[in-house]
Amino acid sequence: MSHSDKRRRGRLIERSFQLGLAWRMMIVYFLFFLGGLVILFAPSMYRLATGSNLNEIEPAAREFLILHGRVWPAALFIFGGVFLYTLLFSHRIAGPIYRINTVLRKMLEGEYPDKVTLRRGDFFHTTAELIEHLSRKALRGEGKGEGGGSGSPEAGGK
């Protein structure tokens with residue numbers, strides 16, 4: 001294979017898988033973020049809700065507004081970064097799955113490739129090696145004619 005065949009593409013390989021994973025990750029991070037907000041803002045909110053004089057409420061209100069001004073820009077940055085990172089990371093999963101599925105379809109059609117090529121940083125290299133071994137075994141003709149299979153009447157007794 002040429003060098004250009006191993007290049008990572010900028011597009012999404014398995015769009016539904018990659019976007020679904022990214023959105024699931026965002027929902028989980030959002031729930032953790034909400035928990036963090038409760039922990040972060042709860043003391044100030046409690047003092048604001050239970051305070052009776054202005055001297056108690058003023059420091060809590062100032063702290064609440066300062067936190068409010070700092071948290072939201074950071075949250076947008078984090079959520080955007082996590083979403084993009086998840087898309088990039090899922091490329092290392094979706095790419096090999098796409099390649100392995102392509103090789104399996106070829107094998108079903110009677111073509112047995114010598115090599116299943118994955119990029120260096122991809123996952124599932126051991127799975128690709130297993131498919132290569134299976135392909136070599138099929139090319140040698142091993143496994144044919146052994147046993148009747150589980151569906152044959154001669155395979156089992158009563």
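**Notebook: helices and salt bridges**

I began with glutamate 63, which is partly exposed because its relative accessible area is 32%, where buried means under 20%, exposed over 50% and partly exposed in between (1.4 Å probe, protein chains only). I note that this is a predicted model, in which local features need pLDDT of at least 70 and side-chain atom pairs count only at pLDDT 80 or more, while totals for chains, interfaces and linings use all residues. Residues are numbered from 1 along each chain as its sequence is written, and side-chain values use heavy atoms, with hydrogens and water left out.

**Entry on glutamate 63 and its partner**

I looked up which side chain meets glutamate 63 in a salt bridge, and found arginine 47, at 3.8 Å from N to O. This pair links distant parts of the chain, since arginine 47 lies in helix 1 and glutamate 63 in helix 2, 16 residues apart. For a salt bridge I used a side-chain nitrogen of Lys or Arg within 4 Å of a carboxyl oxygen of Asp or Glu, and helices are DSSP runs (H or I, at least four residues) numbered from the N terminus. Arginine 47 counts as partly exposed, because its relative accessibility is 36%.

**Entry on helix 1**

I then checked the length of helix 1 (residues 15–50), whose 36 residues should span 52 Å at 1.5 Å a residue, and its end C-alpha atoms are 50 Å apart, which agrees; the expected span is 1.5 Å times one less than the number of residues. A kink of about 45° lies at phenylalanine 41, shortly before proline 43, the bend being the angle between axes fitted to the seven residues ending there and the seven starting there.

The buried residues of helix 1, among them Met26, Phe33 and Ser44, pack against helix 2 (54–108). Serine 44 counts as buried because its relative accessibility is 0%, and, leaving aside residues up to four places away in sequence, serine 44 touches Ala60, Glu63 and Phe64, with contact meaning heavy atoms within 4.5 Å.

**Entry on the other salt bridges**

My search of the whole structure gave 5 salt bridges. In one of them arginine 62 meets glutamate 58 at 2.7 Å, N to O, and these two are separated by about one helical turn because they are 4 residues apart in helix 2. In another, glutamate 132 meets arginine 136 at 3.5 Å, N to O; glutamate 132 is buried, with a relative accessible area of 7%, whereas arginine 136 counts as partly exposed at 33%. I also noted that Lys115, Glu132 and Arg136 are linked in a network of salt bridges.
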